[in-house]
Amino acid sequence: MKSKVAGYVFIIGSLYYIIAEAISATFFNASFFNTYVFHAISELGIPNGNSPLFWLMNSAFILIGLTVIFGDFYKFKEYIIKNKTIFYILTLVTGLGVIIVGLIHGGNPLTSGYHTLGAVMAILGGNVLVVVISRSMAEFGNYQKITLALGIIGLLAFWIMFFNIRNSYMPVYERLSVYTLIAWCFLTGVYLIRN
C-alpha cells in the first residue's frame, strides 16, 4: 500500500509540475515557444506583469520539492541498499532547494543569491541524487539504467548551462537539467506502483 501511495505522489507531483509550467508559459509575456527557449524557468515565478500566473509556477516548485522529500522518506528509502546517508542528505538538499526556489523569487537583488543557491541545490543536488540512487539499489535493471542515464544527462546539461549562463539558449540547458529530475519522479512513481 505504501508503494502505491508514494508512487501516486511521485506521478501527481511530476505531472503537476509539467502542466503548471506549460500553463504559466502560455500566459507569460512572450510566445509559448520563446518562453521555453529564451526565458528561464525562474522567470515564470517572478511576481510581475510578465508572469501573471507566477503563483502557479511557484506552487509547482514547492510541490515537486515536497514530492521528492515525501516519496523518498516515506517509501523509496526501502529500495536503497547502499549509500543511505548520502541518499538522505541529497534528498533533503534537492527537496529544500526546489522549495526555496518557489518561496524566494529571482530578479530581486536582495534575495537573488538565496534563489540561486536554491536552484543549484535543486538542479545539481537532484541530478547527483539520481545518479547515486541508480548505483545504490540491490539490482541494476532497466529502472536503474534509465535512472543513471537521466542523472548523467542532467549533470551534462547543468555543466553546459553553468558555462553558458549568458547565452541566449541557456534556458534550454536549464530545462533539460531540471526535466531529468521531473522525469525521474514520474518513472519512480510507475516503478513503485508496479512493485
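This is a predicted model: local features need pLDDT of at least 70, side-chain atom pairs count only at pLDDT 80 or more; totals for chains, interfaces and linings use all residues.
Q: How many salt bridges does the structure hold?
A: Three.

Q: OK, take E78 and K2. How far apart are N and O?
A: The salt bridge between the E78 and K2 side chains has an N to O distance of 3.7 Å.

Q: Where do the two sit in the chain?
A: E78 is in the loop between α3 (54–74) and α4 (84–103). K2 is in helix α1, residues 2–26. The pair links distant parts of the chain, 76 residues apart.

Q: What about K2?
A: K2 is partly exposed too, with a relative accessible area of 36%.

Q: Which other residue does E78 pair with?
A: K75. The side chains of E78 and K75 form a salt bridge at 2.5 Å, N to O.

Q: Is K75 buried or exposed?
A: Buried, because its relative accessibility is 12%, and the cut-off for buried is under 20%.

Q: Which residues end up in one network?
A: K2, K75 and E78, joined by salt bridges that share partners.

Q: Switching topic. What does R175 pair with?
A: E21. The closest N and O atoms of that salt bridge are 2.7 Å apart.

Q: Which helices are those in?
A: R175 lies in helix α7, residues 170–194, and E21 in helix α1, so the pair ties together parts 154 residues apart in sequence.

Q: Are R175 and E21 buried or exposed?
A: Both R175 and E21 are buried.

Notes: Residues are numbered from 1 along each chain as its sequence is written. Side-chain values use heavy atoms; hydrogens and water are left out. A salt bridge is a side-chain nitrogen of Lys or Arg within 4 Å of a carboxyl oxygen of Asp or Glu. Helices (H or I, at least four residues) and strands (E, at least two) are DSSP runs, numbered from the N terminus. Buried means under 20% relative accessible area, exposed over 50%, partly exposed in between (1.4 Å probe, protein chains only).
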